[in-house]
Amino acid sequence: MEFLAQFHPIVVHFPIAFFLGYVLFEIIGAFTKKDFFSKTAHLLLFLGVLGALVAVLTGSQAEDVAQSWQKAGNIFPAKALSAIGEHADSATLTLWYFFALLVLRTYFVLKKKFTKGIKYIFIVLALVGSFFVYRTGKLGGNLVYKYGIGTEFKKMEINK
């Protein structure tokens, strides 16, 4: 389903922004007494998980398109397909990590146990998550800049 695949390069920027905003607001919320920052962090985490889910779904469609191009006999380096798989694995790990963070954070907030100490733990967890975002983005960037995946140049090359 190439229709959804075409949205992947656009959609991926939303979870990146939401997750990195979440990290920033989680830090500010832990060091200030203003509840606004903590609530905003929670909202950004929720929106990031939703955005990541859409990004993973559109990315899965893009991966299917790449595999169909390969099966059709188009020139597509085996290393590129491997890199797509590595990027997909990293994106899925990032989605599940932040989903688990959202579930835990929601539990602590609802049980009124989101104390100062727990907030500091969530800062560390958020920073670990930001590394996952970085790694997934770097792998995705390699697909574009190293292999030309998703570019007009690659489309012209494949359609020859």
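The model is a predicted one. The count of salt bridges comes to 3. One of them joins Glu26 and Arg105, and both of these residues are buried.

- Glu26 is found in helix H3, which runs over residues 13-31.
- Glu26 has a relative accessibility of 2%, and because buried means under 20%, Glu26 counts as buried.
- The side chains of Glu26 and Arg105 form a salt bridge, at 2.8 Å from N to O. This pair links distant parts of the chain, with Glu26 in helix H3 and Arg105 in helix H5, 79 residues apart.
- The side chain of Glu26 also makes a polar contact of 2.7 Å with the side chain of Tyr22.
- Leaving aside residues up to four places away in sequence, Glu26 touches Ala41, Arg105, Phe114, Phe122 and Ile123.

**The other salt bridges**

- Glu86 and Arg135 form a salt bridge, and their closest N and O atoms are 3.2 Å apart. Glu86 lies in helix H5 and Arg135 in helix H6, so this pair ties together parts that are 49 residues apart in sequence.
- Glu86 is partly exposed at 37% relative accessibility, and Arg135 is partly exposed at 33%.
- The side chains of Lys39 and Asp35 meet in a salt bridge at 3.3 Å, N to O. Both residues lie in helix H4 (residues 35-71), 4 residues apart, which is about one turn of the helix.
- An α-helix has 3.6 residues a turn, so residues three or four places apart point the same way.
- Lys39 is exposed, with a relative accessible area of 58%, while Asp35 is partly exposed at 44%.

- H3 has 19 residues and reaches 28 Å from its first C-alpha to its last, close to the expected 27 Å.
- Buried residues in H3 include Pro15, Phe19, Tyr22 and Glu26.

**Surface and loop**

- Phe3, Leu4, Phe7, Ile10 and Phe14 form a nonpolar patch on the surface, with about 490 Å² of accessible area together.
- Phe3 is found in helix H1 (residues 2-5) and is exposed, at 52% relative accessibility.
- Lys112 lies in the loop between helix H5 (78-110) and helix H6 (116-145).
- Phi of Lys112 is near 60°, a positive value in a residue other than glycine.
- Lys112 is exposed, at 74% relative accessibility.

Technical notes: Residues are numbered from 1 along each chain as its sequence is written. This is a predicted model: local features need pLDDT of at least 70, side-chain atom pairs count only at pLDDT 80 or more; totals for chains, interfaces and linings use all residues. Side-chain values use heavy atoms; hydrogens and water are left out. Helices (H or I, at least four residues) and strands (E, at least two) are DSSP runs, numbered from the N terminus. Buried means under 20% relative accessible area, exposed over 50%, partly exposed in between (1.4 Å probe, protein chains only). A polar contact is a pair of N or O atoms within 3.5 Å; within protein, one must be able to donate a hydrogen and the other to accept it, and residues adjacent in sequence count only if both atoms are side-chain atoms. Contact means heavy atoms within 4.5 Å. Patches are made of residues with over 30% relative accessible area and no salt bridge: like charges are joined within 9 Å, nonpolar side chains (Val, Leu, Ile, Met, Phe, Trp, Tyr) within 5 Å. Accessible areas come from the Shrake-Rupley method with a 1.4 Å probe; for residues, only the protein chains shown count as cover. A salt bridge is a side-chain nitrogen of Lys or Arg within 4 Å of a carboxyl oxygen of Asp or Glu. The expected span of a helix is 1.5 Å times one less than its number of residues.
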